[in-house]
Amino acid sequence: MSAHNDPAPTDPAGNSTANPVFELHRGGKLEVSATVPLRDRADLSLAYTPGVAEVCTAIAERPELALDYTWKSNTVAVVTDGTAVLGLGDIGPLAALPVMEGKAILFKQFGGVDAVPVCLDCTDVDELVETIARLAPGFGGINLEDISAPRCFEIEARLQERLDIPVFHDDQHGTAIVLLAALRNAAKVTGRGLGDLRAVISGAGAAGVAIAKILVQAGIGDVAVADSKGIVDATREDLTPVKRELAALTNRAGLTGSLESAMAGADVFIGVSAGTVPESAVATMARDCIITAMANPNPEIHPDVAGKYAAVVATGRSDFPNQVNNVLAFPGVFAGALSVRAAQITESMKLAAADALAEVVAGELSPECVIPSPFDPRVAPAVTAAVAQAAREAGVARR
């Protein structure tokens, strides 16, 4: 076979190399495997025609049987349009596929949930909603991924209203769940509760909005959110509908002006943006402050700087303590929702997931341990059980 038919992996500069990243991704990271034997004619007649017709007929008469006799009960579609991929931005659906494959294997590895990457070549909100809704019958849940704000808010809301299966935008809610768990424990480490804290969030995109909302629901003392133009407050005339709603929910202190000015005396900094915060602003924060700077690969406040002033420091990186990683949430959230055949993922289910995640390391708390490792085997079972119970209590469980 000629070399041009089997190209060597290349680095981003186009240089031929044995880069282990490219080697790992060669051929993709997923495959489909059968769960039943297919050894002979008898097996074939059961798995496919004519036997399969009996199952099809039964489902046609009673659609709910699809949850018993197909993969639907434990399979999620991981859906993107490629408009907000990691820190890479709008790189399109094809370039997003390696990330969606990665997300799918995380579902399986950490939650026992099967997942299928679905990369859609459209960005119009109406087209996306219609396409995802038409795909939905083959899946038990929809995980929206790497869809840019503010479109992601409308897409999720419309799908939740239209479908009777869980719809979850992980960039919003997964981040918010893990952050809340970390903040609960960080507050305990510093001898306080959530209600004692005033937080400032840098970034009013998908994650920033969701974090602000869940913190308010969880009883944070106060929280203000800053976008590229400063604090989101009700007096601004340039706010989108999403930010107007955010302004009404947050910033009880009525702060205005810059992010840096809001940080003065703040107990908590939460970074979900691409900006950089000067050390001079960090130095004005309250004694025993908590800093969670989650931009990747370069946090808004480098941990070495944050450590000079903060009692607890968390990042989105794996090479520092207290990594705020969505894999701590979404596998268990979906596993719990699917286990009771929940029709949706409610706010109470998200709060239950955060509480369960925080509790995993409640007996091991220290400034370097306010959130479990993604590889802690206690995480997924704890989150799964808590979400399932919350679904029952919310009345959205169907078994």
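Leaving out neighbours within four places in sequence, isoleucine 220 has Leu183, Leu194, Gly195, Leu197, Leu215 and Arg252 in contact, where contact means heavy atoms within 4.5 Å. The model is predicted: local features need pLDDT of at least 70, side-chain atom pairs count only at pLDDT 80 or more, and totals for chains, interfaces and linings use all residues. Residues are numbered from 1 along each chain as its sequence is written, and side-chain values use heavy atoms, with hydrogens and water left out.

**Exercise 1.** Locate isoleucine 220 and state whether it is buried or exposed.

Step 1. Isoleucine 220 sits in the loop between α9 (206-218) and β6 (222-227). Helices (H or I, at least four residues) and strands (E, at least two) are DSSP runs, numbered from the N terminus.

Step 2. Its relative accessible area is 5%, so isoleucine 220 is buried. Buried means under 20% relative accessible area, exposed over 50%, and partly exposed in between (1.4 Å probe, protein chains only).

**Exercise 2.** Classify the ring pair of tryptophan 71 and phenylalanine 139.

Step 1. The structure holds 5 aromatic pairs. Rings of Phe, Tyr and Trp (its six-membered ring) pair if their centres lie within 6.5 Å; planes under 30 degrees apart count as stacked, over 60 as edge-to-face and the rest as tilted.

Step 2. For tryptophan 71 and phenylalanine 139 the centres are 6.2 Å apart and the planes are at 35°, so the pair is tilted.

Step 3. Tryptophan 71 is partly exposed at 48% relative accessibility, whereas phenylalanine 139 is buried at 9%.

**Exercise 3.** Classify the pair of phenylalanine 168 and phenylalanine 334, and say which parts the pair ties together.

Step 1. The ring centres of phenylalanine 168 and phenylalanine 334 are 5.8 Å apart and the planes are at 80°, so this pair is edge-to-face.

Step 2. Phenylalanine 168 lies in strand β4 (residues 167-169) and phenylalanine 334 in helix α14 (residues 330-339), so the pair ties together parts 166 residues apart in sequence.

Step 3. Ring pairs link Phe107, Phe168, Phe330 and Phe334 into a cluster.

**Exercise 4.** Describe the largest nonpolar core.

Step 1. A nonpolar core is a set of buried Ala, Val, Leu, Ile, Met, Phe, Trp, Tyr and Cys residues joined through side-chain atoms within 4.5 Å.

Step 2. The largest has 103 residues, of which Ile142, Leu144, Leu159, Leu215, Ile270 and Met349 touch the most other members.

Step 3. Helix α8 (residues 170-189) gives the most to this core, with 10 residues.
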